[in-house]
Amino acid sequence: MRYKNSIDNIILEIDEQVEKLFYTYVENYDFAVESGGILIGTLNPAYNSVRLTNITEPFPKDIRTQYEFKRSEDGHQNAMNNFWEQSNFRKTYLGEWHTHNQKIPQPSHIDIKNWLKISKKKNNNSEWIFFIIIGTEEICIWTIQNKKIIKLERIENY
Amino acid sequence: MIDLQKEFIEFHDNIKLDDENQKLRDKREILLKKLKNNISDEAASYTTFNQGSYAMGTGIYPEDEDYDIDVGLKFDINKDDYDDAVEPKKWVRDALDGHTKHVDIKRSCVTVTYQENGKSAYHVDFAVYANDNSDGKMYIAKGKEFSDKEYRYWEESDPQGLIKLIKNKYSGDDAAQFRRTIRYIKKWKTHNFSSVGDSAPTGIALTILAYDSCFSVNKTTDWATKKSVYDDFSALHTCIKNIKSRFSYSWSELAQQMCYKISANLPVAPYSNLFSKMTDKQMDELYSRITNMLSKLDEVKGKTKRSEACTILVELFGEEFPVTVDKSIVGTSESA
Amino acid sequence: MTDEFEEIINILNIRREVCFTRKESSHEDEEYMAAFFGSVFLKDGSRVELIIAFSKHFPLCFPDFFVKNNDEFRVHVEANGKICLYDKSSVLIKKDLKEQFLLDCYDQAIDILNILPGTDEYNSEIHREFCAYWLKVAMSRMVYSCFETAGVNYEEYSILFSGKKPIVAKSINDAEVIAYNNFSIKKEETDSKKDCLIIRLRLKSNLIKIKENYKLSEIRHYILDNVTASIKKRINKFFTKKVKNMTKYIFLIYETNFGDIIFGFRIEIVSRKYIQLSNATCAKVEPVYVERIDYSYLTKRGGSYSGIKDKKVLLLGAGSVGGYLANNLCQLGIVNLDILDSDIFSEENVYRHFLGFDAAIKNKLTYKADLIKEQLENMYPYVDIDSLNYKERSVEEFLINYNRLSNYDIIISALGEPSLNLEINSLLYRHNIKVPFICCFNEPYSIGGHIIASNIDRKSCLQCLYTKVNASDVTSFRGSLVETEQSFKKNVSGCSGAFVPYSCLDSQQTAIIAAKMTIQILQQNIKENMFESWIGSAEELEENGFKVSEHYKTVSDNKLFCKSDYMNSHCSICGKGD
């Protein structure tokens, strides 16, 4: 699955296993509580692309209700560290994902505030930070560019 | 400056191509066998040796997958008995001709080109030498089949002496850093110049620049472990800085402008200038690209983020340079 | 046996032209096999009667020489008249040459008796011996003296009385601090007066003749004869005072080559009407023994480190290393010590900490820093410890106001937390605070310890040792003796009980080197950044399944590893390279 930021032509490639994982959330959506986690992957500047290789799924310390998902550091940081070490220090934090009870998901005010905050962080390895919302029918991806929220377009495989 | 030695070593592992490479060995052996079986009875006896960058330990994977294998054929002949230097080349051409490959007599060698899926997959250059001369020296056969007579001649050559010089310049781990640095520069060249035409410097020209005092070993002895710690980035940086300062700025008659020019002579016969085939303008262009590389390397020096430093190096060297990142701090996140 | 003594005494008589004859044994001779009596003339023409006595251990021990009826102070002569011949431990007794041995001893005895007042030797020996004589006549009249004698010519100081020995100090407050800290005397139990006169005698004066009782006029004349003109006037004025009932102390300071000695008098006047001191014939004057407990005197006896009394030391961390180190520093004469530590002392620490079980079971104080303060102030007079008992005792909090780091002459971290140490290093460097900084810590399983002194010069800094050889990346301590990325923390009970296994001896070893280095830096004997590691055996470490570092392998043949030029050009704090 490939997505493109039409302004900067940055390409986000999503590994099949991650894609499958996302679709299990789409298919098994039970409306009871929200889910979420972090996006993990590698940087590929030679092709102006970023590859999403892994995600984390909810850990016990995350706060999950019907309308919100508050991700804690617990579990996610550890998982991130393991991915980083096992990948010979190539995998990095790439952003956040969460589910939303909407057919075609739209970010809430809280989401937007949160995304802007995360994108501003100085210790991000990737110039690009992505935000994925899994709706009940569709998966949508955004990134932040110059403090603006930009939705990525899906592009066909080559 | 962050420690990029691991990345450089990995990069080197990704690009290095040496004589140990089975694929190259196999291809060479097949052709040598064919040559042995098919060469005409009229031909003189010969021995073979490996030459070129693989033999020197400075070979890299080609970006266009067109592997370049260099083989030397030393014929037991006296050059004075062969007025036409192309004649021994024809023995080789004829022995290898008539197969699916394309065989061609070029100025300095006989080239066999293999194609895969309509693309040149690799080629083997056979250089033909006369090795039984009255002066004890070795001569290479120059000229194409239908060149004028003045372009068909014997030229003194010492490819094995050259290999020895490069190999013996340094020893042990120092030699390894020397070879790695040459490979980095050669990889930069193939990544930044198109492979066709003479606009790019040859690999051997860059090798000789490094050999001829541009390169110096960069290592520090760790007082704690008493071991040498190599710093390839700094070695490369210094080498490029020195290459840059080898250029001289002067008027070019041909280009009718001031140009940066460079020269480097082969340290063995025929002691020719290895940049002689580049025009003044091409050398000037090389200078600006070297300058650009240096400023990129300076930029790397100033980076504190691993991913940013690696991104610049990918730009310089291509995707073979690994992109590592610092530990991620995931923090917390809130969504609704 | 007896004949043998006579034999060698006869040889002595002939060779030295004297006449010693057997002395019938008396009560004091019981421990001797034989004694001989005779008289000799000294250089100054005086005659001295001597007794030579042999113990049953002769010639394994020296013959004893006594001055008979010893009534004046002589150097190397004990109050009972016994001449102190040699420092026995440094002389090899010639067992086979008894007569020569006796001759040597006799010659030495005569040489000693010929040491005359006013000579350098006389002067230098007084220091040690006069006080012993004085103690004898002063009997149980003792006074503690805790003022500095340097520069004192004529002063009237305070004297603090309690049930115990009186304490003389420059001020009442000084005396009270000593009384409270070191004698556990509470203020209510004391009474103080400004009643001690301190007078310095002129250089090379004659010492007073030692007696059990003196007349006041005798003392007055002795003082007036032996002081410089400048204070004579004041003394005369003092003696013109009119008094009725009074108790005064007079301390006389006598300067010797090895420091000042002090001897004192207690003067008591009970009179119905006012009389002038100089005419007070009724005054009772008794010798008083002055026990010096002033800082200079005490620390000099501990090995003499000059110039550290005024130094202010900050010690971060009062754990195992820090505890011992605090004690070492105080014992070496550091007086102004601030200790920052946020830990509570508990019983389980007893066998790895300077503080003992009694400290652990006290209820009123629980912080290590407070307990150390209490203990060390009790142990060493003058020590003034601030246990920085802020509400929040963490180092992080302390560093917020980093300027206070510049208040110290040296900062020592026994925290064992590299990130905090590096933060301090960075603060010192960035804000140009030129205070030497020592970090000391142990390695696990007795494999060694490190003491790093930095910020003495600016060629290198602590972070150089935590920076990779070829890049500015911060890495683990490069001088580590164990391979990095091994976890040594042992758990006994959950996370709070985690500790690194090392023995109290490791901490003491590290503390000793750190203390030495501290003094050397304060005395400016160490002028450049350096570090020292003590190297132990790897046996225990390896038995526990851990690995030593490459560095350990290169230094394991040594007991100590020292490095001064640890500058790293890649260092992001002090480096110039990048």
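**Exercise 1. Chains A and B**

Task: In this predicted model, find how many residues of chain A and of chain B are in contact, and how much area is buried between them.

Solution. 
- Step 1: Count the residues. Chain A brings 37 residues into contact with 21 residues of chain B.
- Step 2: Read the area. About 2700 Å² is buried between chain A and chain B. Carbon and sulfur atoms give 49% of that area.
- Step 3: Arg71(A), Arg90(A) and Asn125(A) supply 22% of the area that chain A buries against chain B, more than any other three residues.
- Step 4: Turn to polar pairs. Between chain A and chain B there are 22 residue pairs in polar contact, both residues at pLDDT 80 or more.
- Step 5: Strand 3 (36–44), strand 6 (69–71), helix 2 (76–86), strand 7 (92–99) and helix 3 (109–120) of chain A each give two or more residues to the side that touches chain B.

**Exercise 2. One charged pair**

Task: How many salt bridges does the count between chain A and chain B give? Which residues form a salt bridge there?

Solution. 
- Step 1: The count is 1 salt bridge.
- Step 2: Arg90(A) pairs with Glu10(B). Their closest N and O atoms are 2.0 Å apart.
- Step 3: Apply the cut-off. A salt bridge needs a side-chain nitrogen of Lys or Arg within 4 Å of a carboxyl oxygen of Asp or Glu, so this pair qualifies.

**Exercise 3. Two residues of chain A that touch chain B**

Task: Is Gln77(A) buried or exposed? What does its side chain reach in chain B? Then examine Asn123(A).

Solution. 
- Step 1: Gln77(A) lies in helix 2 of chain A.
- Step 2: Its relative accessible area is 13%. Buried means under 20%, so Gln77(A) is buried.
- Step 3: Follow the side chain of Gln77(A). It reaches the backbone oxygen of Ser328(B) at 2.8 Å. It also reaches the backbone nitrogen of Val330(B) at 2.9 Å.
- Step 4: List the contacts, leaving out residues up to four places away in sequence. Gln77(A) touches Ser328(B), Ile329(B), Val330(B) and Gly331(B).
- Step 5: Now take Asn123(A), in the loop between helix 3 and strand 8 (130–134) of chain A.
- Step 6: Asn123(A) has 37% relative accessibility. That value falls between the 20% and 50% limits, so Asn123(A) is partly exposed.

**Exercise 4. Chains B and C**

Task: Describe the contact between chain B and chain C. Which two chains have the most contacts?

Solution. 
- Step 1: The contact takes 15 residues from chain B and 17 residues from chain C.
- Step 2: The buried area is about 1400 Å², with 52% from carbon and sulfur atoms.
- Step 3: In chain B, Met1(B), Asp3(B) and Trp223(B) lose the most area to chain C. Together they account for 47% of what that side buries.
- Step 4: The salt bridge count between chain B and chain C is 4. One of them is Lys227(B) with Glu550(C), at 2.8 Å from N to O.
- Step 5: There are 9 residue pairs in polar contact between chain B and chain C, both residues at pLDDT 80 or more.
- Step 6: Of the 2 pairs of chains that touch, chains A and B have the most contacts. Chain A and chain C do not touch, and their nearest C-alpha atoms are 13 Å apart.

**Exercise 5. Salt bridges inside chain C**

Solution. 
- Step 1: Lys82(C) pairs with Asp64(C) at 3.8 Å between the closest N and O atoms. Lys82(C) is in the loop between strand 4 (64–67) and helix 2 (98–113), and Asp64(C) is in strand 4, so the bridge ties parts 18 residues apart in sequence. Both residues are buried.
- Step 2: Asp195(C) pairs with Lys248(C) at 3.1 Å between the closest N and O atoms. Asp195(C) is in strand 8 and Lys248(C) in strand 9, 53 residues apart. Asp195(C) is buried at 17% relative accessibility, and Lys248(C) is buried at 8%.
- Step 3: Glu255(C) pairs with Arg200(C), with closest N and O atoms 3.5 Å apart. Glu255(C) is in strand 9 and Arg200(C) in strand 8, so this bridge ties parts 55 residues apart in sequence. Glu255(C) is partly exposed at 35%, whereas Arg200(C) is buried at 12%.

Definitions and conventions. Residues numbered from 1 in each chain as written. Chains lettered and ligands numbered in written order. Predicted model: local features only at pLDDT ≥ 70, side-chain atom pairs only at ≥ 80, totals over all residues. Heavy atoms only, no water. Contact = heavy atoms within 4.5 Å. Buried area = accessible area lost by both parts, 1.4 Å probe. Polar contact = N/O pair within 3.5 Å; in protein donor to acceptor, adjacent residues only side chain to side chain. Helix = DSSP H or I, 4+ residues; strand = E, 2+ residues; numbered from the N terminus. Buried < 20%, exposed > 50% of the residue type's maximum accessible area, 1.4 Å probe, protein only.
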